[in-house]
Amino acid sequence: MKSGDTFRTRAIHVGNEVDPATGAIIPPVHFASTFQQPAAGEWGKFDYSRSGNPTRSQMQNTLASLEGGVGALAFSSGMAAIHCVTMMLKSGDHVVAGCDLYGGAYRLLHKVCSRSGVDVTLVDMTDPSAVAAAMNENTKLVWAETIGNPRMSIPNLRELAKVAHAKGARIGVDNTFGTPVLIRPLEHGIDIVMHSATKYLGGHSDCLGGTLSVSDQNLLDELYFLQNATGAVLDPLTCFLVSRGMKTLDLRVRAQSETALSLANWLEAHPRVSNVLYPGLKSHPQHQLANECFEGGYGAMLTFELDDTLDRTAAACGATRLFRLAVSLGAVESLIEQPATMSHASYDPVDRARFGITDGLIRLSVGLESFEDLQADLDQAIG
Ligand SMILES: *Cc1c(COP(=O)(O)O)cnc(C)c1O
């Protein structure tokens, strides 16, 4: 593969080399759990599938190329990937995480990491000075999302990396909403990039997976050690599905982002809608930053607010025909959900109120259907 090839070309060819044994254009999926060794005590390229599997390696190589890292690791879910990062922490360590955070990450930090004596402080990641102020000598990890969930806040990654590194902490970001199409955090000085591959990388609501990508070999080795020691690896068939998904990632994210921007503009003018949170709108507080840092669009996740009760908002979410009422996101089919009762139900109610996850909030994952159909569907649902 020529290193000068573009993102879209690499998504199709890196990690998808022709099989030397058969000439197959698509590499075979290797289901073997174990591999013959040259001799006792000698190791071949692969020995046992938890430690390494050819299909997993291929998928990891594709992703590492797209994120611009030295390597990537594939996990059984996005949460397993975040958990692996938190396994680098020890009792007494402190984490500063974004207050606009995936519900599962919130739960992991507050209800699991807390059991091993790791402390968490949530801050607004769009304010680097607040992040600096929240850090102390025990802060070992800063954790943010490239596009916050559900309020679509956008942190300045370069500034955050400076703040974290100045105080001796590592910084990891969840790039699930952003995707490497829009933003490649390693290029901004971030140490670890995480994805729920369940979402855009897979792209078809048919598999569960997670990834970490890094640009430092020592850090990769450390994370690999933890993954192999604890075992939450991605299975070969799912690796194949994610590999297949990544081939159309660029095309999907650009097209879905374009539809999301059209919907955001239309929703902003809708009489029942009090607020639209979308980085592509001039009204978004980090619109300028998004223009500077994002390529190919503003993403296909969109949140809007009805000035209405929990129950009536829930009813609107249940009244769509094409937008399926479900958590998850990032696939070709559009989804709708109510953060207060669904994706962010694991938040403490006090934090929910504090961080603006109101009863009237609705989150959309805009799929690959046509704008006209999606617009008509939303229009009849919100009335
Ligand atoms: C879904 C999701 C996760 C968790 O990933 P799973 O694959 O469900 O374990 C983490 N972060 C974000 C932003 C997500 O959307």
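This is a predicted model: local features need pLDDT of at least 70, side-chain atom pairs count only at pLDDT 80 or more; totals for chains, interfaces and linings use all residues.

Is T179 buried or exposed? At 1% relative accessibility, T179 is buried, where buried means under 20% relative accessible area, exposed over 50% and partly exposed in between, with a 1.4 Å probe and protein chains only. Residues are numbered from 1 along each chain as its sequence is written, and side-chain values use heavy atoms, with hydrogens and water left out.

T179 belongs to helix α7, residues 179-182; helices (H or I, at least four residues) and strands (E, at least two) are DSSP runs numbered from the N terminus. Leaving aside residues up to four places away in sequence, T179 touches H195, Y200 and V253, contact being heavy atoms within 4.5 Å. Its C-alpha atom is 8.9 Å from that of E67, 112 residues away along the chain.

I turn now to strand β12, residues 361-365. Because 5 of its 5 residues are buried, β12 is largely enclosed by the rest of the structure. In a regular strand, side chains alternate between the two faces of the sheet. Here L361, R363 and S365 point one way, and I362 and L364 the other.

Which strands pair with β12? Strand β9, residues 301-306, runs antiparallel to β12 and is joined to it by 5 bridges; pairing requires at least two DSSP bridges. There, E305 has L361 as its bridge partner. Strand β11, residues 335-337, is also antiparallel to β12, over 3 bridges, with I336 partnering L364.
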